[in-house]
Amino acid sequence: MTSKTEKLLSLLNGQPVIPVLKIANVADAVPLARALSRGGLRAIEITLRTADALKAIRRVAAEVEEAIVGAGTILDARQFDEAARAGSKFIVSPGITSQLLDAAKDSPVPLLPGAITPGEIMTAREAGLRFLKFFPAEQSGGIASLKAFASPLADVKFCPTGGITAKNAADYLSLPNVICVGGSWVAPDDLIKAGKWDEIEALAREASKLAK
């Protein structure tokens with residue numbers, strides 16, 4: 001397994017669920033990261049789907065020492081660089097491109113790219129990546145597809161994201177080629193907006209106990 005893959009796995013450190021976060025108000029970033037960390041989910045993915053996403057990453061990186069903040073929805077090399085400079089410890093992309101692979105090759109920050117077809121998975125594998133995001137999981141065959149990949153692509157592991165919920169997370173985590181899952185259910189938009197950090201902490205604690 002490559003050093004970049006090993007670094008990414010060490011950052012996630014056996015965490016079964018990676019919270020996928022869309023932060024509309026940068027003031028929510030620090031209390032949200034603290035609540036998730038208290039609940040046992042230290043590694044979090046802040047997606048670049050809002051105007052203040054990079055500011056949120058900077059705040060968490062600077063103020064929440066216990067959190068391991070990553071950036072999600074990275075689409076190109078410019079965003080990769082911006083997210084890395086903002087303090088991201090890992091980078092997540094919905095897909096895989098040669099530009100992103102080049103950016104990752106020259107950076108100490110590990111990349112978790114999305115791949116759902118055998119060709120995409122093999123492209124990532126040729127680049128030395130053995131740990132990939134499977135996105136959008138439910139819409140791309142879900143558990144059945146991942147089971148089919150387990151034998152011909154036995155040395156590749158996945159983090160399925162997209163359509164993962166508290167109800168089906170354990171089924172995904174039971175697969176031998178799944179390391180963790182990504183999900184937004186641990187930090188619903190309504191709880192973030194209402195500042196109900198205790199309730200988010202409770203959801204995180206429940207998710208952190210999911211067996212792998």
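**Reading salt bridges and charge in a predicted model**

Mentor: Let's start with Arg205, which is partly exposed at a relative accessible area of 33%. Keep in mind that this is a predicted model.

Trainee: Which side chain does Arg205 meet in a salt bridge?

Mentor: Look for a Lys or Arg nitrogen within 4 Å of an Asp or Glu carboxyl oxygen. Here Glu201 pairs with Arg205 at 2.9 Å, N to O. The two sit four residues apart in helix H10, so about one helical turn separates them. Glu201 counts as buried, at 13% relative accessibility. Arg38 joins in too, linked with Glu201 and Arg205 in a network of salt bridges.

Trainee: How many salt bridges does the count come to?

Mentor: Eight. Check what each one connects. Take Asp155 and Arg125, whose closest N and O atoms are 3.0 Å apart. Asp155 is in the loop between helix H7 and strand S7, while Arg125 is in helix H6, 30 residues apart. Asp155 also bridges to Arg130, at 3.2 Å. Arg130 lies in the loop between H6 and strand S6, so that pair ties together parts 25 residues apart in sequence.

Trainee: Are Arg125 and Arg130 buried or partly exposed?

Mentor: Buried means under 20% relative accessible area. Arg130, at 18%, counts as buried, and Arg125, at 34%, as partly exposed.

Trainee: Where does negative charge gather on the surface?

Mentor: Asp189, Asp190, Asp198 and Glu199 form a patch there. Helices H9 and H10 each supply at least two of its residues. Glu199, in H10, is partly exposed at 41%.

Key: Residues numbered from 1 in each chain as written. Predicted model: local features only at pLDDT ≥ 70, side-chain atom pairs only at ≥ 80, totals over all residues. Heavy atoms only, no water. Patch = residues over 30% accessible without salt bridge, like charges linked within 9 Å, V, L, I, M, F, W, Y side chains within 5 Å. Areas by Shrake-Rupley, 256 points an atom, 1.4 Å probe, with all protein chains shown as cover. Lys, Arg positive; Asp, Glu negative; His and termini not counted. Charge placed at Lys NZ, Arg CZ, Asp CG, Glu CD. Buried < 20%, exposed > 50% of the residue type's maximum accessible area, 1.4 Å probe, protein only.
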